[in-house]
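The sequence and structure come first.

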There are 2 protein chains.
Amino acid sequence: VPMAPKPNAKQRTTDSAAMQPADEDSLIQLLKHRYPFKCAQLKAGIGDDAAVIRPKGAAEFWLITADMLVESVDFHRGWTLPRQLGRKSIAVNLSDLAAMGARPRFFTVSLAVPSDIPQRWLLDFHDGLTEKGKAFGAFLIGGDLSSAEKHIMISITALGESQNRKVLYRSGGKPGDLIYVTGSLGRSAAGLKLLQDPDSEGRISFRKQALLAHLDPDPRCDEGLWLAQSGLVSCMMDLSDGLSMDLPRLCAASGIGAEIHVQSLPVFPEAATWNLDPVELALHGGEDYELLFAVPRSKRRRLERNYPAAFPRITCIGEMIPDAGKILLVGKGPDQRRRLLPRRGWDHFKK
Amino acid sequence: VPMAPKPNAKQRTTDSAAMQPADEDSLIQLLKHRYPFKCAQLKAGIGDDAAVIRPKGAAEFWLITADMLVESVDFHRGWTLPRQLGRKSIAVNLSDLAAMGARPRFFTVSLAVPSDIPQRWLLDFHDGLTEKGKAFGAFLIGGDLSSAEKHIMISITALGESQNRKVLYRSGGKPGDLIYVTGSLGRSAAGLKLLQDPDSEGRISFRKQALLAHLDPDPRCDEGLWLAQSGLVSCMMDLSDGLSMDLPRLCAASGIGAEIHVQSLPVFPEAATWNLDPVELALHGGEDYELLFAVPRSKRRRLERNYPAAFPRITCIGEMIPDAGKILLVGKGPDQRRRLLPRRGWDHFKK
C-alpha cells in the first residue's frame, strides 16, 4: 500500500507535488492499528471526521477535528482575498464537526507565513476567520504564528459539542440504507475550473455562484445537527475530497458498498454552459462541503416529511449494498449499465 | 507596533526569514482587543499558554494549546532523527499544558511533508510522537496529512485536564513575589550551538546532555501539576523563547516588573568548556521548556520544604517589582550594578 506522498507529474500543474489522498487513508489505517489506544474519556479516536471525547462529568461529548490548508496545494494567494481565505479555513474545519452532528464551539489556528506578508493581510485573514467562526458559533481561543519560507500554511483545530450526546459516525450504515446528500455537488469544482482557466465562457451569475462555492463555502452545521438529532440517520460524513473519494470511506467504515444512480445526482447543471461535465464534477470534483449520509429505508418517509424546508434540499442518490468496498455507478438511459466508480476525486480536480 | 514578520538579514543564517517574536506578541495583543469574546464555557482565551474551557457539567476545566514546528525555522532535518522530532513536537506542546498545571490528555497533529519523505520517516515520526505523548498521558486522537513543497511543517494541538479546577495563569503575580525556575537554563541553547558548530570542543558527556536537552526535551508536567495543586504559586508559564523574552510576558500579564540576580541563575556551567557564556545562554538561549513561576514571599518556606526532592530542583532567581514592564538584571560582584535586560531570546540563538 503506498503511503508516502508520491509526485505524479502527469496530474500536476504546479511544482508542488500533492499527496495522493489514498496515502492519507493508508496512513490513517496504519496509525489506527499501530496505536489502538483505549483510554478513559475517549469515545472515538483516529479515523472519523472528528475525535469524540467525554470530559469527566460533562453533560455532552466534545468533538475535535484538525485540518490544514497549504498554499499552492489547497489554495493560491492570487485567487482569493485574505478575508475569504480566513472564512474558508474555518469553514472546512466546521464542516468536519457538522459531519458528526456537533455544534461548533471553539478553535485554534496555527499560521506560518512568509516574511513578505503585510500586517493588513494578517488582520484581514483573522477578520474572515473570526467572522465566519462566529456565524456558526465557534470562537478563536488561541494559536501560534510562525514564519514560512515561501508558502502560507494554515492549521486549524476546531472543537464542537454534541447535543443530547447524539453523534453520527461514518460507521453504522447497513445494506439497503438509502444514501443522501445535502445541497448540490460539483459547484465548487466548477468554480475552481473557472479560476484555473479564467478565459472560459459562462453566464456571469452562474460564475459567481461557482466561485463563491469554491472560495467561501458554508459548512452544513445546522443541517448536520438536525440530522444527528433526528435519530433517522445511520452514518454520516462531509464531502471534502469528492464523492468518488469520500463515499468509499463511508462504506469502508461500515464494511459495505454502495450503488449510485447518475440521474439522481444533484449536479450543478450551469457548469455545462462553460463546457464542463456536471456529472463528472459532481462525482469527482471535491470541496463541496455538503453532507453525505445514509438512512434506513423504513425511515425515508419520516426524513423527507420532517426535514426543514429552510435547509438546502436533500437528495437520495443511491443505496448501500452488501459488497464491502464495491462502489457502483448506475448509468443514465434505458440500459442503466452498472460500472465501478473510479476513485479520482481530490487530485484529479484539485490541481 | 510592528506585527508582520520582518526579515532581518543580519541575524539570519538561512534564507528563511524568521518572524520576530515581538511580532507574535503584538498580534496576540491585537487579536485579544479585536475579538474580546466573552462566551459561555470559556474561562480564558487568547494570550496565555493555553485556553481554558469548562464543558457544561464537567468536573474539570479543559485546556487547549497549539504549537507549530517549521523546518529550517524550528528544526533542521539533518540534525535530528524523525523519532526525536516526533518526541520534541509533542513535548513542546505538553510544556504549555504543564505551564498551567494541567494533565495532558489528548492531541491532534497536522503534518505537511514534501513528497520525497519516505514512509519510514513518517512512521518513525509518529512513533516518537505517540511514545512521548503516552509517557506524559497524552494520546493521539486525530490529525491531517498534506503535502508541502520543500519544508516539513508540524502543527499540534494538545488538550489537558485540570485537577480540582486548579489552573495557574500568567497573570496573578504581585510585587515582592519571588521568581523561580525549575531545572537549569541554557542547556538546550548550548546543544543548539553544538549543532550549528559541530567542530566546537567540549567533554563528550556534557555535549550529550546539551544535545538531548535541545533535541529531546522533557516537559515539566508533573512539576507543573504539583505547583498548581500546591496553592503556593501566584503565576506561571513555560520558558520556550528564553528568559529575556518570556519573563517580560509573565510580568506584562500581571502589570509588574522583575529583578533577576545573575549569580542566582541555575546555568549550565559545562557550556564554558566549549567557550560559550553560560549566563548568556541562560538569559537568552530559549527552548529550555522549564517552568517560570512566582511565589509570594510568605509562602517561600512552605514551597521549599514541600517541593518533592524527586523533581528537578527549583531555584529562586529574583523577585517581582512594581514598575510595569521593567526587567532589571542585578550583576555579579560587589557593586551589584542593575541594568535593563534586553529582550533577545528567540531570534538571537535560534538561527
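## Asp96(A) and its surroundings

Beyond the residues within four places in sequence, Asp96(A) contacts Asp49(A), Ala50(A), Thr65(A), Asp67(A) and Asp238(A). With Thr65(A) there is a polar contact between the two side chains, at 3.3 Å. Asp96(A) sits in helix H2 of chain A, which spans residues 82–98.

Asp96(A) is buried but has no salt bridge. The nearest side chain of opposite charge belongs to Arg170(A), 5.7 Å away, whereas a salt bridge requires a nitrogen-to-oxygen distance within 4 Å.

## Confidence

The model is predicted. Chain A has an average pLDDT of 88, and 89% of its residues reach at least 70. Residues 1–22 of chain A fall below 50, although this stretch has 63 contacts in the model beyond near neighbours in sequence. A further stretch of chain A, residues 347–351, also stays under 50 and has 25 contacts beyond four places in sequence. For the complex, the predictor reports an ipTM of 0.87 and a pTM of 0.89.

## Interface of chains A and B

In the interface, 76 residues of chain A contact 76 residues of chain B. The buried area is about 6,500 Å², with 64% of it from carbon and sulfur atoms. Two salt bridges cross the interface; one of the pairs found between side chains is Glu149(B) with Lys150(A), at 3.2 Å from N to O. There are 14 residue pairs in polar contact between the chains, counting pairs with both residues at pLDDT 80 or more.

On the chain A side, the elements that give two or more residues include helix H1 (21–34), helix H3 (119–135) and strand S6 (153–161). Strand S5(A) gives the most, with nine residues.

## Salt bridges within the chains

Over all chains, 36 salt bridges are found. In chain A, Asp216(A) pairs with Arg87(A) at 2.9 Å, N to O. Asp216(A) lies in the loop between helices H5 and H6 and Arg87(A) in helix H2, so the pair ties together parts 129 residues apart in sequence. Asp216(A) is buried, at 16% relative accessible area. Both residues belong to a salt-bridge network that also includes Arg83(A), Glu131(A), Lys132(A) and Asp218(A).

In chain B, Glu290(B) and Arg220(B) form a salt bridge with closest N and O atoms 2.8 Å apart. This pair links distant parts of the chain, 70 residues apart. Glu290(B) is buried at 5% relative accessibility, and Arg220(B) is buried at 17%.

Methods: Residues are numbered from 1 along each chain as its sequence is written. Chains are lettered from A and ligands numbered from 1 in the order in which they are written. Side-chain values use heavy atoms; hydrogens and water are left out. pLDDT is the predictor's confidence in each residue, from 0 to 100. Contact means heavy atoms within 4.5 Å. Helices (H or I, at least four residues) and strands (E, at least two) are DSSP runs, numbered from the N terminus. Buried means under 20% relative accessible area, exposed over 50%, partly exposed in between (1.4 Å probe, protein chains only). Lys and Arg count as positive and Asp and Glu as negative; His and the chain ends are not counted. A polar contact is a pair of N or O atoms within 3.5 Å; within protein, one must be able to donate a hydrogen and the other to accept it, and residues adjacent in sequence count only if both atoms are side-chain atoms. Buried area is the accessible area (1.4 Å probe) that two parts lose on being put together, summed over both.
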